[in-house]
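Subject: Structure handover

Hi there,

Could you read them with the model open beside you?

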Amino acid sequence: MPSLNHVCMWVDNQWKPVKAHEIVSLHQIGGVSGYSGLFMCSLCGQYVTFANGDVYTAYFKHRKEELSKDCPERTFGAGYQIQYDTKKHDLPLKIHINRGELSFEIGLIKVPPEYLNKDLFIEIRSDDETESFRYNNERLLPDAVNYLYVGKNPSRQYSIRVHNASKNIELYWPSIIAGVDPEGTMFDAESGKKLPVDADVVINKAYYLLTRNRIYTSYPGVDIREIYEGHKNGQYIRVYRVEAKAYSERSACFFLDHHCRLTEHPVKIQPIWPVYADSPYLIKHNRKEMYLHIAGEAELHLFPTASSRVFPCSNGKIAGITVNNKQQFISVGRTQVLKYKYFWQEPIQKPLSEHTVNVVDKRNNTVVSGVTDRLPEDRIIRCTLPYDGTVVIKEKGIIKGKRSVKADEQTTINNINWGTSVTVFMGLHPVWEASFEKAISESQGEDELLSKLRACSGNMVDVPHSFGSFAHYFKNYPKIRQWIYQCVRQGRMPEKALKLLKSTVVNGGNE
Ligand SMILES: [Zn+2]
């Protein structure tokens, strides 16, 4: 019998992908700590059983008595590949519990302003079409997620019709979004936001569970309190406040029953470079290349397709994305979207763009600006400028050469080495800059990196409070962490230091 291919095992306080033959090997070497024998199918979120045999015959199967039979792997066979829709996502849906009454709101995330006409109106309907809510343009605040009231009754899904707007708006506001499943829907208690199916949950954090089923059993390790009961849509509904107190098998089972994964390492996405405007679902930036930190068990997905590189790091991975589109949709997920953000490119005012400068290597390949850990072939690059300008060459921060370059004349820079940086100026404005930095390995030590950071001068950039999480990459470098925190407190950091930190994380993770 072919084994199921998308099985996770509860081990070390999280769900980790596992293959049947690996379990047999674990038995043979005496097992591992934290091993529980608790398995689930990550496609349908149901428990599976492990049929023991030798390495060649062991397999996972769905249990006969399972409640729902709708597992894609059962229908389509063992070769089933996850069909992740890179465009599909839901809008945030909030529950409010106030004075014994429930109410719901849908969050319309910000869209490009040119998509909306003045006489726009929005119609949101519940699935049985009994309730309809209309809003016009005046109700929408700019630069915000606009939460719109959609009634007191939970609906399994909501349809959103937008009149007098660009058709592209569906990329932001889908015409149908998932609502509340009365079999069991989980919300974050603090924000009231619904969790997606298969979401990650953590201990010591409260969630609301809306369900028509009464919870009779007590679960060791999970604190469960009923906070609402009442009739909704002709059925009895209860809301429980639930909070796991420990990473135990029993608490993991409780959340799995409601399609959530208890884990010490929840999925998160955090932009790390460039540092620009970050809001809940939207990041505005002005670069072609950007870096994200992805924590937890999930893959990166891009729409429209864009090139990306993913490097492992100490607690997840770093993704470098080349953004060619003015608006880029980025999501992370397993079988479906768990977290997402839109990236909007909004160029800051520059007199001339870097594209007007042509910098190539010996073979005429473009050399991009930024920090790079590769030296060009034969250590030369050639620059051509559309206007008269200046090229400044530095070695380890000290100016070694400065030359004037006439418009459309090519100039060759030789002897590029580690620590060399080249900046092209037109007038007073730097329009292209690259520094060639050797990747720093752990063994090179903390003090060297620290002295490099301290030596950074020049342009300062703002670092928001959230940047403090960047310090996690320097777990074993207390002095570097302290230096980062100090910058966060001051709210500023030299741009060069930020570049250096970024390249350290990216290159360090790649080794
Ligand atoms: Zn399944």
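Trp273 stands opposite Tyr291 in strand E22. Strands here are DSSP runs of E with at least two residues, numbered from the N terminus. E22 covers residues 289-295 and pairs with E19 in the antiparallel sense over 5 bridges; two strands count as paired if DSSP finds at least two bridges between them. Both belong to an open sheet of 4 strands in the order E19-E22-E25-E24, with antiparallel pairing. The edges are E19 (268-273) and E24 (307-313), each of which pairs on one side only. From one strand to the next, the twist averages 25° (axes are lines fitted to C-alpha atoms, and angles run from 0 to 180 degrees between N-to-C directions).

A word on how to read all this: the model is predicted, so local features need pLDDT of at least 70 and side-chain atom pairs count only at pLDDT 80 or more, while totals for chains, interfaces and linings use all residues. Residues are numbered from 1 along each chain as its sequence is written, and side-chain values use heavy atoms, with hydrogens and water left out.

Next, the strands around E27. Strand E27 (residues 337-345) is mostly covered, with 8 of its 9 residues buried; buried means under 20% relative accessible area, exposed over 50% and partly exposed in between, using a 1.4 Å probe and protein chains only. E27 pairs with strand E21 (residues 282-285) in the parallel sense over 4 bridges, and there Ile283 has Phe343 of E27 as its bridge partner. With E26, the pairing of E27 is antiparallel, over 7 bridges. The two form a hairpin with 3 residues between them, and Ile330 stands opposite Lys341 in E27.

E26 spans residues 327-333 and includes Ser331. Ser331 counts as buried because its relative accessibility is 0%. Its side chain is joined to that of Tyr84 by a polar contact of 2.8 Å (a pair of N or O atoms within 3.5 Å; within protein, one must be able to donate a hydrogen and the other to accept it, and residues adjacent in sequence count only if both atoms are side-chain atoms).

Another enclosed strand is E17 (residues 235-244): 7 of its 10 residues are buried, so it is largely enclosed by the rest of the structure. Strand E16 (residues 222-232) pairs with E17 in the antiparallel sense over 10 bridges, with Gly230 partnered by Ile237. E16 and E17 make a hairpin with 2 residues between them, and Asn233 in the turn has a positive phi of about 50°. Strand E15 (residues 207-211) also runs antiparallel to E17, joined by 5 bridges; here Thr211 has Arg238 as its bridge partner.

Which residues coordinate the zinc ion? They are Cys41 (SG), Cys44 (SG), His62 (NE2) and Cys71 (SG), at 2.1 to 2.2 Å. Donors are N, O and S atoms within 2.8 Å of the metal (3.2 Å for Na, K and Ca), and water is not among the atoms, so sites may look incomplete. The 4 donor atoms subtend angles of 101 to 116°, which makes the arrangement tetrahedral; for four donors, that label requires all angles to lie between 85 and 135 degrees. Along the chain, the donors follow the spacing C-x2-C-x17-H-x8-C. Cys41 and Cys44 are buried.

Best wishes

Terms used
Four donors count as tetrahedral if all angles lie between 85 and 135 degrees; four count as square planar and six as octahedral if opposite donors are over 155 degrees apart and all others between 65 and 115; anything else is irregular.
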